Amino acid sequence: MGHRLRGEAIARLVVGEDGTASGHFTRSSAFMRLRQQRPDSADHAAYLKGQEWPGDGVKSTTTLSPEDIDGWAEQFAISLRVPGTFWSVEHDTDGSYVVWFYGDDRQSWASVDYEPGASEYLVVQSGPRKLWDETEAAYRWWEEQGRPDFTRFGLTVGPDGQTPWLDLPNNPV
């Protein structure tokens, strides 16, 4: 479970008498998915709906550096709180880069420009979901929980679907 392209983790589940499986995540995973296992993603132009960048995107700034959300544990925790999204990164030769966030709804997107040494970063967001706002809130939540690693998270799978949790099954993420 985890983000489509990064921050995935492996859970060890035990099936109970009622058929529900539950258990903690044990470690990160780094499997390369086969092409047919990879989700179908629209390209960037589809999100702009024929407009030139920034399209109808709203500009703002953030003090949270994209570097801060780049760790495997951070990305895993964020993916649990911001489902239905994927990221991509465009690197430049000068060390700067842009992180693109896309929603599975094919309407919501955000970008954050990283510049080395900067203390504020340009954010542009569009669509019904404010993906950077959601990502930043998820990162802050992760910090407030004591920056937990994978082993504090767990997963319960039953007839009603999958429920990730922190520390105990009665504490859903």
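**Basis of the description**

Helices (H or I, at least four residues) and strands (E, at least two) are DSSP runs, numbered from the N terminus. This is a predicted model, in which local features need pLDDT of at least 70 and side-chain atom pairs count only at pLDDT 80 or more, while totals for chains, interfaces and linings use all residues. Residues are numbered from 1 along each chain as its sequence is written, and side-chain values use heavy atoms, with hydrogens and water left out.

**Ser126**

Ser126 lies in strand S8 (residues 121-126). With a relative accessible area of 2%, Ser126 is buried (under 20% relative accessible area, with a 1.4 Å probe and protein chains only). Beyond its neighbours within four places in sequence, Ser126 is in contact (heavy atoms within 4.5 Å) with Asp56, Gly57, Gln107, Ser108 and Trp109.

**Aromatic pairs**

The structure holds 12 aromatic pairs; rings of Phe, Tyr and Trp (its six-membered ring) pair if their centres lie within 6.5 Å, and planes under 30 degrees apart count as stacked. The rings of Tyr97 and Tyr114 are stacked, because their centres are 4.7 Å apart and their planes are at 25°. This pair links distant parts of the chain, with Tyr97 in strand S6 (residues 97-103) and Tyr114 in strand S7 (residues 109-114), 17 residues apart. Both Tyr97 and Tyr114 are buried.

**Nonpolar cores**

A nonpolar core is a set of buried Ala, Val, Leu, Ile, Met, Phe, Trp, Tyr and Cys residues joined through side-chain atoms within 4.5 Å. The largest has 29 residues; among those touching the most other members are Phe25, Phe76 and Trp132.

Methods. Buried < 20%, exposed > 50% of the residue type's maximum accessible area, 1.4 Å probe, protein only. Phe/Tyr/Trp six-rings, centres within 6.5 Å; stacked < 30°, edge-to-face > 60°.
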